[in-house]
Amino acid sequence: MMETVASWMKESTSTVVLTGAGMSTESGIPDFRSKSGWWKSIDPRTVASVESLTDDYALFREFYQLRIEALHDIEPHVGHRILARWEQQGYVQLIATQNVDQLHQLAGSKNVAELHGNIVTIRCTSCNKPHSKEHFLNNAVCTYCTNHLRPNVVLFGETLPQDAWNRALNAIQHADVVLVIGTSLEVYPVNQLPMMARGKLVYINLELETHATGFDAVLQGSAGEILTQLDAYL
Ligand code: NAD
């Protein structure tokens with residue numbers, strides 16, 4: 001199956017990669033299903049929400065402070081680097097990611113659509129003016145209007161950035177191959193994207209998720225391992 005997927009990629013004129021939290025676990029960032037880390041004591045789906053931002057800013061800020069600080073020593077892994085090289089070699093045209101850690105960009109990928117924004121950049125909750133990460137980490141307020149600061153991340157209850165969504169949707173609809181990597185496909189609306197594909201649809205994941213139906217090929221394993229093996233066939 002690995003060889004077949006590689007042959008689809010070689011023949012493809014447009015390949016799109018859709019990634020989720022499982023793409024970053026090998027760099028040391030836990031996904032939502034992990035039994036370790038912050039998620040053990042806190043339900044991210046509750047705190048990473050519009051309600052939490054408006055009703056309990058202290059908890060909201062602490063949650064994102066921990067997540068931002070946890071990125072400090074984190075580096076892209078071999079899988080991120082292979083995807084970045086595939087872009088240079090013409091094997092990949094776009095990465096659409098649910099990840100907010102910017103590890104794809106750090107690995108060198110240029111064409112990245114951040115479907116859920118990122119936690120690396122900060123803005124004011126009211127006037128939207130950009131601020132430094134340090135401002136947010138120091139619990140400072142907006143220097144223009146003194147309102148709270150927040151990361152440029154999409155919270156549960158918010159709509160996705162139109163630009164990133166349209167880019168991803170358009171690319172997926174016109175792609176010859178779509179690689180879906182490290183996502184449980186549980187989070188709406190990104191979980192709708194794979195079914196918009198008309199080309200070959202490939203699922204690369206550690207677990208065989210029940211939501212993952214309609215794929216032309218399933219490669220079970222870690223992203224780093226599977227991408228390394230695929231790379232050897234290209
Ligand atoms: P998820 O936690 O629901 O699912 C992750 C999937 O990845 C699981 O099916 C798991 O089996 C698989 N997986 C874990 N490690 C893997 C590996 N090494 N290789 C391949 N597969 C692996 O994540 P999701 O579907 O992305 O949705 C959850 C939401 O979490 C998204 O909205 C995302 O924005 C957010 N999130 C992002 C980060 C990040 O930026 N790194 C981390 C946690 C959560």
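Me: Let's begin with strand 4. How many bridges join strand 4 to strand 5?
Reply: Strand 4 and strand 5 (residues 130-131) run antiparallel and are joined by 2 bridges. Strands here are DSSP runs of E with at least two residues, and helices are runs of H or I with at least four, both numbered from the N terminus. Two strands pair if DSSP finds at least two bridges between them.

Me: Before we go on, what kind of model is it, and which residues count?
Reply: It is a predicted model, where local features need pLDDT of at least 70 and side-chain atom pairs count only at pLDDT 80 or more, while totals for chains, interfaces and linings use all residues. Residues are numbered from 1 along each chain as its sequence is written, and side-chain values use heavy atoms, leaving out hydrogens and water.

Me: Thanks. Back to that pair: which residue is the bridge partner of Ile122 in strand 5?
Reply: Ile122 has His131 as its bridge partner there. The two strands form a hairpin with 5 residues between them, and Asn128 in the turn has a positive phi of about 70°.

Me: What does strand 4 do with strand 6?
Reply: Strand 4 (residues 117-124) pairs with strand 6 (residues 149-153) in the antiparallel sense, over 4 bridges. Gly117 stands opposite Val153 of strand 6.

Me: And in what order do the strands sit in the sheet?
Reply: The order is 5-4-6, an open sheet of 3 strands with antiparallel pairing. Strand 5 and strand 6 stand at the edges with a single partner strand each, so one side of each is left without a neighbour in the sheet.

Me: New topic, cysteines. How many disulfides does the count come to?
Reply: The count comes to 0 disulfides, taking a disulfide as a pair of cysteine sulfur atoms within 2.5 Å.

Me: Is Cys124 buried or exposed?
Reply: Cys124 is buried, at a relative accessible area of 0%. Buried means under 20%, exposed over 50%, and partly exposed in between, using a 1.4 Å probe and protein chains only. Cys142 is buried too, at 1%.

Me: Now the ligand. How many residues surround the ligand?
Reply: There are 29 residues around the ligand, the closest being Gln98, Thr183, Ser184, Glu207 and Glu209. A residue counts as near if one of its heavy atoms lies within 4 Å.

Me: Where is Thr97, and what does its side chain reach?
Reply: Thr97 is in strand 2 (residues 94-97) and is buried, with a relative accessible area of 2%. Its side chain reaches the backbone nitrogen of Asn99 at 2.9 Å, and makes a polar contact with the side chain of Thr19 at 2.6 Å. A polar contact is a pair of N or O atoms within 3.5 Å; within protein, one must be able to donate a hydrogen and the other to accept it, and residues adjacent in sequence count only if both atoms are side-chain atoms.

Me: Last one: where is the cis peptide bond?
Reply: The cis peptide bond joins Tyr188 and Pro189, with omega about 0°. Pro189 lies in the loop between strand 7 (177-181) and strand 8 (200-205). Leu185 is in the loop between strand 7 and strand 8, and its phi is near 60°, a positive value in a residue other than glycine.
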